[in-house]
Amino acid sequence: MSQQFDVIVIGGGPGGYIAAIRAAQLGFKVAAIDEWKNSKGGPAPGGTCTNVGCIPSKALLQSSEHFEHASLHFADHGISVKGLEMDVAKMIARKDNVVKQNNDGILYLFKKNKVTFFHGRGSFVKAADGQYEIAVAGDKPETLQGKHIIVATGSNARALPGAAFDEKLILSNDGALQINDVPKKLGVIGAGVIGLEMGSVWRRLGAEVTILEGLPTFLGAADEAVAKEAHKLFTKQGLKIEMGVKIGDIKTAKKGVTVAYTNAKGEAQELAVDKLIVSIGRVPNTIGLNTEPVGLQLDERGAIVVDADCKTNLPNVWAVGDVVRGPMLAHKAEEEGVAVAERIAGQHGHVDFDTIPWVIYTSPEIAWVGKTEQALKAEGRAYKAGSFPFLANGRARALGDTNGFVKFLADATTDEILGVHIIGPYASELISEAVVAMNFKASAEDIARICHAHPSLSEATKEAALAVDKRTLNF
């Protein structure tokens, strides 16, 4: 006999587990289904983000940054280090432990909030009598019945045609997190978030890294001033970045990978590397979901079609996160998961796509929210701009990290903040002030008049806000 639930969530990533927990908190009987496995075959909820994305990549970024600080910057502080070595195996083990702690934390939250967890792959069977039958394929096959279904099955790495991932020589983000020794030469196809972060990890540890990008513009989604500064700093660090390339044949051999490509000038080139990371985007994951029997609508990309409230074409079937439209960001998925749970409860869940922050966890970090200057120009909107360099910030000097700046964009008439762009130390944390301010429709003057702690990096945001009106206090 099928087990009955008010809400069944398929997928245990950021959108799925958050949706399940919030629905349970609102009084629903909830089931969560997730198929991720740890090295021992046990459950590992958290999706791509926790297992092979946000969390493990940040762990490796932190380890590699410590190593670079010890090798290049500790001497500036009077700290002498002799015989410095990097134990890659131990670094990977620490990363794996960080992932496990997050997996276990999610399972604990399921138990605490009385969410029934099923380890396996969830798929539609049929719809009948206002309910949906969901099959769970795993070590213990189950059949569930639910009134509301939330699909949160995430996304998969996009492979290059003719260059399938073997996770040994041609790597997705998964394989890039499992490299067991520092490659002498590392190739990266794609200069997006994953490519830059993984390239930065292994460059710090000693690899010669070449990044090939098909687009002619570096970090096209970012503000032009930020992208220009980032390209300059990454190049100075040792990342070799080629834009406007056209990838040709990719061949593997015992000694590594060879990539044939045409550069921006149309000249034939060849890149020989020990390993190749392919990070050219991600595709919605609907594999095995069995959408046909119930008629769940997909678009040309394979994403589930939803409206502004994350409703699909089927009654009481919802979808959130990477498997639907919008940016493939973990925090976007979380917000949608909460909103859907609240909508099921008759509340008014809300997600503002205009104030979703973007972050790249390189060094320097890059973060932004709202409109870029080029977007405002394209719209013909009158605006004011102000920026402030970390070079003039006392806390940044004390940290020894003065690269980058904060940039504010505000409406020319109302002074409402339209966008904030940061490249520099702890940009990922600093951007939150801008997100809060924009959600409350704050003006640049509001930020300028708020007291910020001294000395702090946040004073740079205050200074940038002051600069919108051509003023400065220059702490």
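The side chains of E379 and K371 meet in a salt bridge, with N and O 2.6 Å apart; the term denotes a side-chain nitrogen of Lys or Arg within 4 Å of a carboxyl oxygen of Asp or Glu. E379 is partly exposed at 44% relative accessibility, and K371 is partly exposed at 33%. Buried means under 20% relative accessible area, exposed over 50%, and partly exposed in between (1.4 Å probe, protein chains only). The model is predicted: local features need pLDDT of at least 70, side-chain atom pairs count only at pLDDT 80 or more, and totals for chains, interfaces and linings use all residues. Residues are numbered from 1 along each chain as its sequence is written, and side-chain values use heavy atoms, without hydrogens and water.

**Further salt bridges**

- The whole structure contains 19 salt bridges.
- R325 and E336 form a salt bridge of 2.8 Å, N to O. The pair links distant parts of the chain, 11 residues apart: R325 lies in the loop between strand 17 (317-319) and helix 8 (330-344), and E336 in helix 8.
- R325 is partly exposed at 27% relative accessibility, whereas E336 is buried at 0%.
- D223, E373 and K407 are joined in a network of salt bridges.

**Secondary structure terms**

- Helices (H or I, at least four residues) and strands (E, at least two) are DSSP runs, numbered from the N terminus.

**Helix packing**

- The axes of helix 3 (residues 54-73) and helix 4 (residues 88-112) come within 9 Å and cross at roughly 145°. Axes are lines fitted to C-alpha atoms, for helices over the stretch in contact, with angles from 0 to 180 degrees between N-to-C directions.
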